[in-house]
Amino acid sequence: MRSRWLSAVLLSVACGGGGHASDGGGGDGSGSNQASVGTAHGSSIAITGDGKTLYVVNADADSVSVIDTASKALTKEILLGGAHPAVDGSGAYTPAIMPRALALSPDGATLWVTGERAGALFAVDAATGVVSSPIAVGSEPVGVVASADGAAVFVACSQDGTVVRVDAASRAVTATATTGGEPWQLGFSPNDGALVATLMHGPGVAVIDPATMAVRTTTMIPDLPARGDRRLAHGQVRGLYDVAARPTTGELWVAHLVLGTDTAQPSLDFESTVFPGVSVLSPAAFEKTLTVDAPDVAGVDGSFGDITSGPHAMAFTSDGALAIVVDTNSEDLLAIDARSRVEVALLRPLPGHMPEGIVLSPDDNTAYVDERNTGDVAVVTIDHTGAKPALAVTGTIARFASGGDPMPAQLRLGQHLFYSANSDEYPITKNHWVACSSCHVEGRSDEVTWKFAQGPRDTPSNAGGTLGTGLLFRTADRNDVQDYFRTINTEQGGSFGSNDGPQKDLLDALEAYVDHAIPLPVPPTTDPTLVARGKTIFESQAVGCTSCHSGAHFTDSGVAPDGSGAATLEDPNLHDATQGSGIGTCVTTGYVDVDHLDIDGNDRAACSFDTPSLSGVASSPPYLHDGSAPTLRDVLEKTRGHMGDITSLGSDDETALIEYLRSL
């Protein structure tokens, strides 16, 4: 290993491996001090080609911070909408813009920033900090990259399933590619300059011709088969957060999760639920998934020797010899020898919380890490002189101006708990395995079905919180978010007390974050005429949707069965889901729904289900409690003959009804 690593370093020196164009806007590869060469890899943090200035988005503050790397100090905080978010009258904290990624133009003059909740791309004058009028691009834009010539900017609109091209001069959308799924992060292929987009919940990476905006292909990342011991990485690929081109090669590397949905409780535990994954595509075809393996299983030589959780971002050194992966949940940096594809270093812990992005200095000797929850940037030195690289934290840089962090402290604590698998700090898991967000990706769903003790269960979204939605779980097994200490202990391997124990303050903070700071999704772009028609159909007594999906949150879960008051665990408002007389969604073959007890010991019948809210329903496929309906149209087809007069709906009416549901 030593000789391999040193030869890589020497090759870098011999070839003048300076400019760092692959990690979010570094140098031009010629050793010059030009400001930038465009952004070939989207990120939440970027650096100018001369290494003097950092830019980082503040998703929870509606701003971008500008940092001087020499003084390691904030230069300015640019408010994209003129003001920070604030708590509203209901206690909700909802950013109006929520910037998620940025890209520098090739000349370094313009900073392009996506606003997830604003549905817009913002152009910021890098010299003055002046923000242009927002450019409407679609629903929930996240990833952004700039072309090498500066003429075009590409934006991934996750809720619309599209990638749009924006003309940099006219600021107009000139073309749209439909990728399906949820395109998240963008990059460019090192082979032919094709645009590549990760699809957040699979099946892989969409390859797009940037000239025609036609989708050439979707490169699949296959699920990992079971290998005997459930602690060995296996399961479905989800949470495809980042894609980066490895310099000097034709490889694309993708950071993602692997979810062990083939394991049933009680065998399903924290060691078999979620695994980190980095898949290598070479060239534009799947080659291998690198992941962690149980070190005590004989005969297994895994790529990673340490347990890490939640890979969200990565950067390569400019010679392509070293990849550094940011693990959001376990709060660390994992360094991988990109040639041998094995772990060579782990930096844990980082000084702050919820790391989401990384960028390297042009000389590859310093990494800057976006630590979203603590509102700072961690500065990490990279020593290449030894047999293996050595990573060390040298400090942090605060990135909020004099007014400080606008997000209330309790919500920040709850956010940290929700995204943390750092078991060294809180007993929320064991050995850095699982966070709440490992399954509730981005506070929403991982779009898989788990084999829980109660039966097959898909992962519900937490977006919009639980207030006003009644009891929790598919069969109304719990009262409130604090009751999720059972999930922490059972699925995550944690050791939390009950919701009235010594850890109540932590559970209260977790509840506050879920109920007040995970906003509902911005609906996908819809046809207003179809939405209006679909609303009429939805509210028709003959069709019967509102007999269960009623009220402000489209659920009768909170109402007692006789309508006289609030539902309780002892007297929940459940509905018959048997195949004969009910809505027909009970699972009675294969891995089946079973009788069980709620959190207080009350009986729950196998085929009696709570009504889920429809708020934000477009963002949480697959549907039904077991995830057996991939689309909303499948829901209608599966329930024909079981619910109201859906049987009589024609194709056009069904399309209108679906469009209305997508708008909620």
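Predicted model: local features only at pLDDT ≥ 70, side-chain atom pairs only at ≥ 80, totals over all residues.

Residues are numbered from 1 along each chain as its sequence is written, and side-chain values use heavy atoms, with hydrogens and water left out.

Next I asked which residues of H7 are buried. They are Val 531, Gly 534, Ile 537 and Phe 538 (buried is under 20% relative accessible area, exposed over 50%, partly exposed in between, with a 1.4 Å probe and protein chains only). These residues cover an arc of only 120° around the axis, which puts them on the same side of H7; the arc is that of the directions from the helix axis to the C-beta atoms. The buried residues of H7 pack against helix H9 (651–663), in contact terms meaning heavy atoms within 4.5 Å. On the face turned away from the buried side I found the exposed residues Pro 528, Thr 529 and Thr 536.

**Strands E25 and E26.** I then turned to strand E25 (residues 355–360). Six of its six residues are buried, so E25 is largely enclosed by the rest of the structure. Five bridges join E25 to strand E26 (residues 366–371), and the two run antiparallel; strands pair if DSSP finds at least two bridges between them. Ile 358 has Val 369 in E26 as its bridge partner. The two strands form a hairpin with five residues between them, and in the turn Asp 364 has a positive phi of about 70°.

**An open sheet.** I traced four strands in the order E21-E22-E23-E24, with antiparallel pairing. E21 and E24 (342–347) stand at the edges with a single partner strand each, so one side of each is left without a neighbour in the sheet. Five bridges join E21 to E22, and Phe 316 stands opposite Ala 323 in E22.

**The largest core.** Last, I checked the largest nonpolar core, which has 36 residues (a set of buried Ala, Val, Leu, Ile, Met, Phe, Trp, Tyr and Cys joined through side-chain atoms within 4.5 Å). Trp 253, Met 314 and Ile 336 touch the most other members. Strand E18 (252–259) is among the elements giving two or more residues, and the largest share, five residues, comes from E18.
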